[in-house]
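I opened this notebook to keep track of what I looked up in one structure. The entries go from the whole chain to single residues.

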Amino acid sequence: MPAVPLLAVGRAEAAWISEDGEADVISLAAAAARSKATAPMTCHGKAVAARLDLPGLNALDVLELYAFVRPAVPCVPTIAGLARALGLAPPPSLLGAASCLRQCAQRLLRELASAPPNPHGMGIAWTMAENAWPWGGAVLAALGFAEGQGKAPRRGQGMNVWDRLPDWRDGPPPPPPGHQPVDPIAARGRLAALLGDEAESRPQQADYATAVSQAFRARARPGEPNVVLAEAGTGVGKTLGYIAPASLWAEANQGPVWISTYTRNLQHQIDSELDRLFPLPAEKAEKVVIRKGRENYLCLLNLQEAVREIAVTPQNAVAVGLMARW
């Protein structure tokens, strides 16, 4: 394992243990200056960089090592959280936290060395090491690869996870929904039920729900949906105003209603309001789905594109490698 300084940051100060074992509690400004000169070992590099007011941090991040050794196994992303996940005693102080970093790293590398041989893991580690992953040499050594001994893994080997996954088939499409309209009076009733007995009276909100319900009339001709443009001022309660008739239509016709939003904040606001419709978490998880565009997800196609682009974007190799490992 590389001999590097150990860095743990607190709210107003930092602990720094040099390669020679000299321990200091220093200011955050002093820690930032030292980190610019020497890459330390730390935990959650992005959070540490933000605490030190640095645009970035060149460091051996133990959290990255944990993600490689234990893919898809969550832990609290702090030194104490790592210690608990690895069966170590929580550090009693900031200096103890800095010292604990080396213990965590040693335990993770031993765990990796004792695992069954995994050529895919070796290939992923090799690709990450080729692209300047600070843990690359230590991880390859733990996996049994020594410089100058044995054949190096093929470039990109192990990253092509899509070739190792079993084929699967999608189920048949659901039957088409019904064509039952939403009664405007029923929409007002659903709105009242969602608001509860103690809600303040908002006639404009009820009128809004009535207007929106016209979008859920039965279609006059196939392929030509009804369109309603409804406007209301801020604070009227538009979200519940359209959830009320939409939920009635979904129930009556056994079909989904898509609510398209302009911002993610509004998306999450709608999701929060749907707690009124589905107060039980299990039922809500079954009935409500937040959908985002393809660029917000990791799918096999996105991963394949990211792997192909490592040659021109080597700075992404560590993140892509950890995703492939997962």
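Below are my entries in the order I made them.

**Ground rules.** I am working with a predicted model, in which local features need pLDDT of at least 70 and side-chain atom pairs count only at pLDDT 80 or more, while totals for chains, interfaces and linings use all residues. Residues are numbered from 1 along each chain as its sequence is written, and side-chain values use heavy atoms, with hydrogens and water left out.

**Overall form.** I looked up the secondary structure and found 14 helices and five strands in the protein chain; these are DSSP runs, with helices being H or I of at least four residues and strands E of at least two, numbered from the N terminus. The chain is more spread out than a compact globule, because its radius of gyration is 27 Å, well over the 20 Å that the globule rule gives for 326 residues. That radius is taken over C-alpha atoms, and the rule is 2.2 Å times the number of residues to the power 0.38. I noted a box of roughly 75 × 50 × 35 Å for the C-alpha atoms, taken along the principal axes.

**Burial.** Of the 326 residues, 36% count as buried. Buried means under 20% relative accessible area, exposed over 50%, and partly exposed in between, with a 1.4 Å probe and protein chains only.

**Cores.** Which residues have the most contacts inside the largest nonpolar core? I wrote down M41, V62, L65, F68, W135 and V139, in a core of 50 residues. Such a core is a set of buried Ala, Val, Leu, Ile, Met, Phe, Trp, Tyr and Cys residues joined through side-chain atoms within 4.5 Å. Helix α5 (residues 94-114) gives the largest share of this core, nine residues. A second, separate core has 21 residues, including L191, V212, L240 and Y242.

**W135.** I then listed the contacts of W135 (heavy atoms within 4.5 Å). Leaving aside neighbours within four places in sequence, W135 is in contact with M1, M41, L60, D61, V62, E64, L65 and A105.

**Positive phi.** A132 has a positive phi of about 70° and is found in the loop between α6 (119-130) and α7 (136-142). A132 is exposed, at a relative accessible area of 62%. Q254 has a positive phi of about 55° and is found in the loop between α10 (238-253) and α11 (264-273). Q254 also counts as exposed, at 67% relative accessibility.
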